[in-house]
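User: I have a model open and would like to learn how to read it feature by feature. Could you take me through it?

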Amino acid sequence: MGIGLTHYLVISAILFSLGLFAIIVRKHAVLVLMGLELVLNSANINFVAFAKYGGMNIEGQVAAVFVIILAAAEAAVALAIVLNIYQNFKTVNVDEIDNLKD
Amino acid sequence: MDLVGLAFYFLAALIVISAAIVVFSKNIMYSAFSLMFTFFGVAGLYVLLNADFLAVTQIMVYIGGILVLIIFGVMLTTRITGVDVKSNSLGKIQVGIAGLLSTIIAISLIVVFSSTKWFLSEPKVSGDSTKLIGNELLTNYLLAFEAASVLLLIAIIGAAFIARRK
């Protein structure tokens, strides 16, 4: 049995739901970010798989390049925000950060 | 089983197991380091999918950039003695509901993916994906390319501004 499009899509579905579970359940803000990275990676696998098998050709890979660019910018800004939250609240537990101004 | 199939199943196992460690590990440092193996596995999948430029980009940007940022974030925000112990104190019911939801989404996605008749086109054999991506970026996607450069500049300035100590 050869490896086809569906194999890659199944891997990306599993990765997506694992990332979603991390985003919902974990309380550490950095772990929520890691779940987000898993979700973005699963979307990227889909793009590249369709680039090879689904006739998107090189445009799927270009879309994946832009996703990687956005992920880098998002990670930088989000970690800056997390550091700032830690300075103000002395915690990064997303359940305890519930006021705008103390 | 041919070599491609063997490589695919190895990478798939690597991705799923290390992603599971990321999600379920109590120690956040284990999660951060396990994320590295997930990214390596995804880069390997890109190689299998003839996307060599993307594989190298994945390793350089994700592992060399984002993962280092994340580890910095972990080290700067976690007291090393009390690693993320309270982090998993969500109630059993909430965890159960979240797990059920994720499982339902995973199963329905897999069912949809495997039951849909995808329009499959024969892959056009093209050796040099780097050249093709460069051509696309500077012709059809020029506006998005320039917008991405502005976005990265804004992200650098914004991150430095937000994270500095007042």
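This is a predicted model: local features need pLDDT of at least 70, side-chain atom pairs count only at pLDDT 80 or more; totals for chains, interfaces and linings use all residues.

User: How much confidence does the predictor give the complex and chain B?

Analyst: Begin with the scores before looking at any detail. The complex has an ipTM of 0.90 and a pTM of 0.89. For chain B the mean pLDDT is 86, with 89% of its residues at 70 or more.

User: How many helices and strands does chain B have?

Analyst: Chain B has 6 helices and 0 strands, and its pattern along the sequence is α-α-α-α-α-α. Chain B has 166 residues, of which 34% count as buried. Another number to read is how far apart in sequence the contacting residues lie. Taking contacts in chain B between residues at least 6 apart in sequence, 56% join residues at least 24 apart.

User: How do I read the packing of two helices, say helix 2 and helix 3 of chain B?

Analyst: Take the axes, then the residues. The two axes come within 9 Å and cross at roughly 170°. Angles over 145 degrees count as roughly antiparallel, so helix 2 of chain B is roughly antiparallel to helix 3 of chain B. The residues that meet include F33(B), F40(B) and Y46(B) from helix 2 and Q58(B), Y62(B) and I71(B) from helix 3. By type, the residues of this contact divide into 22 nonpolar, 1 polar and no charged.

User: Which residues have the most contacts inside the largest nonpolar core?

Analyst: They are Y8(A), M34(A) and L45(B), in a core of 67 residues. To read a core, ask next which elements supply it. Those giving two or more residues include helix 1, helix 2 and helix 3 of chain A and, from chain B, helices 1 to 5. Helix 3 of chain A gives the most, with 12 residues. L45(B) shows the two chains meeting: apart from neighbours within four places in sequence, L45(B) contacts Y8(A), I11(A) and I45(A), as well as F8(B), L11(B) and I15(B).

User: Is S17(A) buried or exposed?

Analyst: Compare the relative accessible area with the cut-off. S17(A) has 8%, and buried means under 20%, so S17(A) counts as buried. S17(A) belongs to helix 1 of chain A. Beyond residues up to four places away in sequence, S17(A) touches S102(B) and A106(B).

User: What does T77(B) contact, leaving aside its neighbours within four places in sequence?

Analyst: T77(B) is in contact with H28(A), V30(A), V82(A), L83(A), Y86(A) and V92(A). T77(B) lies in helix 3 of chain B and is buried, at 5% relative accessible area.

User: How do I set sequence separation against distance in space?

Analyst: Read the two numbers side by side for each pair. T77(B) and T38(B) are 39 residues apart in sequence and 23 Å apart in space, C-alpha to C-alpha. For A13(B) and G41(B), the figures are 28 residues and 8.8 Å, again C-alpha to C-alpha. A13(B) is in helix 1 of chain B and is partly exposed, with 37% relative accessibility.

User: What is the phi of N50(B)?

Analyst: Most residues other than glycine have a negative phi. N50(B) is not a glycine, yet has a positive phi of about 65°. N50(B) sits in the loop between helix 2 and helix 3 of chain B, and at 48% relative accessibility N50(B) counts as partly exposed.

Definitions and conventions: Residues are numbered from 1 along each chain as its sequence is written. Chains are lettered from A and ligands numbered from 1 in the order in which they are written. Side-chain values use heavy atoms; hydrogens and water are left out. A nonpolar core is a set of buried Ala, Val, Leu, Ile, Met, Phe, Trp, Tyr and Cys residues joined through side-chain atoms within 4.5 Å. Buried means under 20% relative accessible area, exposed over 50%, partly exposed in between (1.4 Å probe, protein chains only). Helices (H or I, at least four residues) and strands (E, at least two) are DSSP runs, numbered from the N terminus. Contact means heavy atoms within 4.5 Å. pLDDT is the predictor's confidence in each residue, from 0 to 100. Axes are lines fitted to C-alpha atoms, for helices over the stretch in contact, and angles run from 0 to 180 degrees between N-to-C directions. Angles under 35 degrees count as roughly parallel, over 145 as roughly antiparallel, 65 to 115 as roughly perpendicular and the rest as oblique. Ala, Val, Leu, Ile, Met, Phe, Trp, Tyr, Cys and Pro count as nonpolar, Asp, Glu, Lys and Arg as charged, and the others, Gly among them, as polar.
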